[in-house]
Amino acid sequence: MIRDVQNITHRELIVYVANSQHPGGGIDQNDVMSFGDLLQDKAPSDIDLLLQSSGGDIDVAEKIIYMCRNNTQSFRVIVAESAKSAATLIALAADEIIMGYTS
């Protein structure tokens, strides 16, 4: 499905969906390495981040924003359902936010 979306939008798609039912399911330090792996060795391009999170560590959100902004020409966030707290900061740092009826 990710490839299908990328073929339609002509942009890289990163998906971050946190398990809001799990106590440790928010944005945390473990996410920095994952985002780094996804962005490593890529020429700056247009990136979409499909985001679903109930929040988490603000400092980690800032680092993720920095990483995404430095590896993109255009950074767009797609809010699946909710982007609370630290996830809100990530969305607000984007060039564009896309939200649907249920977002």
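**Entry 1: ground rules**

I note that this is a predicted model, in which local features need pLDDT of at least 70 and side-chain atom pairs count only at pLDDT 80 or more, whereas totals for chains, interfaces and linings use all residues. Residues are numbered from 1 along each chain as its sequence is written, and side-chain values use heavy atoms, with hydrogens and water left out.

**Entry 2: the overall fold**

I listed the secondary structure and found 4 helices and 4 strands, where helices (H or I, at least four residues) and strands (E, at least two) are DSSP runs numbered from the N terminus. Read from the N terminus on, the elements follow the order α-β-α-β-α-β-α-β. The radius of gyration, taken over C-alpha atoms, is 13 Å, close to the 13 Å that the globule rule gives for 103 residues, so the protein is as compact as a globular protein of that length; the rule itself is 2.2 Å times the number of residues to the power 0.38. Along the principal axes, the C-alpha atoms fill a box of roughly 35 × 30 × 25 Å.

I then looked at contacts, meaning heavy atoms within 4.5 Å. Among those between residues at least 6 apart in sequence, 74% join residues at least 24 apart.

For burial I used relative accessible area, with buried meaning under 20%, exposed over 50% and partly exposed in between (1.4 Å probe, protein chains only). By that rule 35% of the 103 residues count as buried. The protein exposes about 6,300 Å², of which carbon and sulfur atoms supply 52%; these areas come from the Shrake-Rupley method with a 1.4 Å probe, and for residues only the protein chains shown count as cover.

I also looked up the charges, counting Lys and Arg as positive and Asp and Glu as negative, without His or the chain ends. The mean positions of the 7 positive and 14 negative charges are 4 Å apart, each charge being placed at NZ of Lys, CZ of Arg, CG of Asp or CD of Glu.

I found α1 hardly covered, since the count of buried residues among its 8 residues is 0. H10 belongs to the loop between α1 and β1, and at 66% relative accessibility it counts as exposed. Its positive phi is noted for a residue other than glycine.

R11 lies in that loop too, between α1 (2-9) and β1 (12-17), but at 12% relative accessibility R11 counts as buried.

The side chain of R11 reaches the backbone oxygen of I47 at 3.2 Å, and a polar contact of 3.2 Å joins the side chains of R11 and S74. Beyond its neighbours within four places in sequence, R11 is in contact with residues including Q6, D46 and F75.

I placed K42 in the loop between α2 (30-39) and β2 (45-53), where at 37% relative accessibility it counts as partly exposed. Leaving aside neighbours within four places in sequence, K42 is in contact with E12 and N71. K42 and T72 are 30 residues apart in sequence, and their C-alpha atoms are 9.3 Å apart in space.

N70 is found in helix α3 (residues 58-70) and counts as partly exposed at 45% relative accessibility. The C-alpha atoms of N70 and I27, 43 residues apart along the chain, are separated by 20 Å.

Last, I checked S85, which is found in the loop between β3 (72-83) and α4 (86-92). Its phi is near 55°, a positive value in a residue other than glycine, and S85 is partly exposed, with a relative accessible area of 43%.

Conventions: A polar contact is a pair of N or O atoms within 3.5 Å; within protein, one must be able to donate a hydrogen and the other to accept it, and residues adjacent in sequence count only if both atoms are side-chain atoms.
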